Every structure is written in C-alpha cells, then in structure tokens.
Amino acid sequence: MEFFTEQFRKRHFLIEVDPRVKIVASVFTLLLVISYEGFLFPLIIIAGCTLLCLKMKVPFKVFIIRYSEPAFIAIVLILLKLFLSGSEVLFTLDMNIFTLTGYQDGLLNGLMLASRIMAAVSVIIVLGFSTPFTAIMAGLSWFKVPKTLIEITMFAYRYIFVLLEDAMVIYNAQKNRLGYSSITRGINSFSTLTGSLILKAFEHSQKTTIAMVQRGYDGNIPFIKHKPFKHLEIAISVLFMITLGALWRI
Amino acid sequence: MNSRFKIQNSKLIILILVMIYFSLFTLSDAYAMHLAEGILPFTWSLIWWALAIPFIGYGIWRLKVLSKDDLSFKPLVGLLAAVVFIISCMPVPVPTAGTCSHPAGTGITAIILGPAISALVASVALFIQALFLAHGGLSTLGANIVSMGVMGSLAGFIIFKILRSLRLNLMISGFFAGLLADWATYLMTSVELALGIRGDAPFLPLLTQIIVAFAPTQIPLGILEGFMTSGVVMLLYKKRPDLLMKMMVIKPSEVKG
C-alpha cells in the first residue's frame, strides 16, 4: 500500500499530455498487445514502457514491485505450458523414478503468453505513473462513462487514504494487544477491523453528504471542464498509433 | 528395474501441480482472485467485458433509484468500495498453505447492499487496484468483475437470503454467505483462466488442474472469509442494528430491546 502509484508521480513531460489522448493511446496499445500472436511486438512494448518509466523517474524499487507479481504469474504459466501442453518433444529428463518431458510448442506458447502479460502490465504501469487519478476520471467522463460510476470511484479513491489511516490505527492497536497471535484471535481481530471500517464508512458518508448538501450538492458532482485538444498532441498520438499498428503487423 | 518405477507423462501432472503449488503459494502472496493484465486473449477479454457491462449497468440504475430518496447513498457506496479495496489489500494468513492471501469482501457487501450494487462496488475496487497497484488489469477487468463482483455477490446474497428464510441466525447465514461468495469467485476465476489459456488443449482437464492448484489456498481462505463475514455482521448487529435495518438486512422485530 505504501507503493501506491499516486505517491511516486513526479513532474515529467507525459504529465502535461491531455489524459484523453493518453487513455486512447493506452487502450489502443493494450488491444494490440492482447490480440498479438508472437514475441516481437510485446517485447518492443516492454522495452518502450521501461524507457518511459526511466524517463518518468519511477523509483527502481517501485518499478520492481509493480512487475514482480505479473512476472511471477508469467513464469508459472511458462512452466505450465512447457510441461502440460504441446506435442513436439523438446527435452526429456530421466529422473530415475519419473520422466519429465518438456514440449517445444508448449514452451513457445508459454513464452508468448508471458510476454503478452508483461507488455500489457507495462502499458498500465505507464498510464498509472503518467496520469493523476482525477485526470483519468475526467478523461473517462469525456468518453461518456456513466457519471454515477465516476462519482463513486472518486469517492472511493478519496476515502481510501482516510480509511487506510483508520485501519492502520486499529490494526496496530490490535497487534500491540496480541490480536493476531493465534488464528482464532486473528479472525476476530480482522472481523472487528473490517466491521469498524464499515461503520466508519457509514459515518463518513453521512458527514460528507451533509457537508456537500450545504455546498449545493443535489446528487451530482460537477466535473472539470475539458480543455480543447492540442493539435500537436493529436498528431503525435495518431503517428504513435500508426507506428504501433505497423509494428503489430510485422 | 528403473522402468518399473517410471511414471507415464500424463501422471506427471500431479508432480507439476505440486511444483506449481509450492512455487505459487509458498513464495509470495497468492493473488488468486484477480486475473493478471494480458493473461486473456482479445476475444475472451471482450466476452467477459460484454458479460460484465449489463450487471454494472443494472447496479448503476439501482444506485440511482436509491440515491433519489437518500443523497448519502452514493458516498456510502463509494466508501464501501474503499473498504473493499483496503481489505482486499490486507494479507490474511492461510494456515494450510503457510502463506498469506486476501479476502474478496464481496460477501459482506452483497449482504449490506444487495448483489447489483455489490457488483458495482467490486468493479470500482478492482479498477483502482488494476490502475494503481497493477493487481488485476484493465483487459481482464471484465472477467474479474464477473467472477468477484457478479458471481461472488450473487452467491453470497442468495445463500444469505435462503438461510435467513430458513430462520437460521445472522452468524451462520453470514458465515455461509462469505464462504460461498469466496468459493464462487474462485471457481469462476478458474473457469475464466482455463478458457483463456487453454489454446488447443481440452477444457475440462485444464480446469480441474487449475482448481486443484488453487484449492490449497482458496478452500481455507473461503472458510476464513466466512468467519470474517459472520464476525462483521455480528459486530454491526451489536453496535449499529439501525444500519442493518436501514439496509433491510434485518427486520425491526429482530432487534433486541
């Protein structure tokens, strides 16, 4: 949780780009990645996104943490495909009590799947590090994503940090009183923690509503008005997508 | 002599599953509830998104209807999405796997908010996790919404209502709602994963392998989630029964004093 992307975003050239342009470019790239059958295109995307992360000065530790979970899943999938699917035998290991067979086509499928996962994750990591949450939400509202969905997402995002502080206070108090010293106590403590957070959610929602009604809230939150598109940004993003499309076809 | 002990390749599946189990569940947290970004091919991503959208739409419609009478409903749903996000980021020890996993939280939101809005809450929590923690993903968001938001919420809500109509108490009904919400999510995620990665391989054997591989973590985790849901419902009942009445979880006649 201490590695929430929002806390590590710095000022860089991509911050200034219109969020709508970044959303379109990211979704387009993501679609190309998941519909590609091969290695080359995902590897290009991984390399490009890694360079962008370096340019955006994403801390190395955060970068590794973001990639560790998908990388782990990718490795397991390679093993799964290598040993469980395929017909062309790549190697056979005689382990005395059993024979381990790896398949060439299974390995290729596994590597393809793994490269697709890593490339898709890279795209989302770049989007997350290059765009503030409120800007993404404002961008989504322009794409006619239902306002209600955006409103509750904004409420959720705003209160994650508030509730997280409350959760940490309760958790530390429980831990100091050996609340997690056994499984039974752990379950009881975790239930109390979750229940307390739900009670706090009810309380905060009442207080927030009263405060918002006093400021004219009628059930709808007004959104940021969008600035007009910059021609240069549009031109660059179109060029970027055409280039990606051409690479995808190779 | 050696050949007598040799096992056929098909039987090696057991060994590989054991290997995968140890590599998956003893080295790091198990993120079994979310399909990772990019794991599903384009067609399956699209299919799961197409299945998820009507449920999200219905959830939004229900929320709008309820918000007309009570303006605090939208902030409440947003805040409960924040709670689901937080608890699904918290590691819970899974004794049989000797590691940590995390609860989904859909059982409790299904009980409090109903399945439609609970699916919406899960969608929001999953979206924020995908975008800012790289847990799950945008291309797999539809699939994750269907498994955690829709199947989890429906299973939790339906079992809670059935058990309550059979006059079972809140504690037991809450336990089974949490348990089945978790297991329904786990089974649906396994189906989605098997369909997504199978290629030319037959579906059912792969599904069985995935279910078996996840079982050592997900079965005890479901039981833990059952206890957690039961504990939360009882805490709310003791501290703020008025809230449970407001959300139509209990009837006024069930409140003591």
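Predicted model: local features only at pLDDT ≥ 70, side-chain atom pairs only at ≥ 80, totals over all residues.
Figure 1. Chain B contributes 78 residues to the contact, and chain A contributes 82 residues. About 6900 Å² is buried between chain B and chain A, with 80% of this area on carbon and sulfur atoms. On the chain B side, the residues that lose the most area to chain A are K74(B), L79(B) and F132(B), which together account for 11% of what that side buries.

**Figure 2. The salt bridge between E151(A) and K74(B).** Side chains of opposite charge can pair when their charged atoms come close. The structure holds 5 salt bridges over all chains. The pair shown here crosses between chains, linking E151(A) in helix α6 of chain A to K74(B) in helix α4 of chain B. The closest N and O atoms of E151(A) and K74(B) are 3.3 Å apart. Across the interface of chain B and chain A, 1 salt bridge is found. K74(B) is also one of the residues of chain B that lose the most area to chain A.

**Figure 3. Polar contacts and the helices on the side of chain B that touches chain A.** Across the interface of chain B and chain A, 7 residue pairs are in polar contact, with both residues at pLDDT 80 or more. Helices of chain B that each supply at least two residues to the side touching chain A include α2 (12-25), α3 (42-69), α6 (115-133) and α9 (203-239). The largest share of that side, 13 residues, comes from α4(B). By residue class, the side of chain B that touches chain A comprises 57 nonpolar, 13 polar and 8 charged residues.

**Figure 4. Packing of helix α1 against helix α5 in chain A.** Two packed helices are described by the angle between their axes and the distance between the axes. The axes of α1 (residues 19-34) and α5 (residues 133-142) of chain A come within 8 Å and cross at roughly 80°; α1(A) is therefore roughly perpendicular to α5(A). From α1(A), the residues P19(A), R20(A) and I23(A) meet A135(A), I136(A), G139(A), L140(A) and W142(A) of α5(A). The residues of this contact between α1(A) and α5(A) are 6 nonpolar, 1 polar and 1 charged.

**Figure 5. Packing of helix α5 against helix α6 in chain A.** The axes of α5(A) and α6 (residues 147-176) of chain A lie 10 Å apart, and the helices pack at an angle of about 175°. At this angle, α5(A) is roughly antiparallel to α6(A). F133(A), T134(A), M137(A), L140(A) and S141(A) form the α5(A) part of the contact, while I150(A), T153(A), M154(A) and Y157(A) form the α6(A) part. The contact of α5(A) with α6(A) consists of 6 nonpolar and 3 polar residues, with no charged residues.

Key: Residues numbered from 1 in each chain as written. Chains lettered and ligands numbered in written order. Heavy atoms only, no water. Contact = heavy atoms within 4.5 Å. Buried area = accessible area lost by both parts, 1.4 Å probe. Salt bridge = Lys/Arg side-chain N within 4 Å of Asp/Glu carboxyl O. Polar contact = N/O pair within 3.5 Å; in protein donor to acceptor, adjacent residues only side chain to side chain. Helix = DSSP H or I, 4+ residues; strand = E, 2+ residues; numbered from the N terminus. Nonpolar A, V, L, I, M, F, W, Y, C, P; charged D, E, K, R; others polar. Axes fitted to C-alpha atoms, helices over the stretch in contact; angles between N-to-C directions. Parallel < 35°, antiparallel > 145°, perpendicular 65-115°, else oblique.
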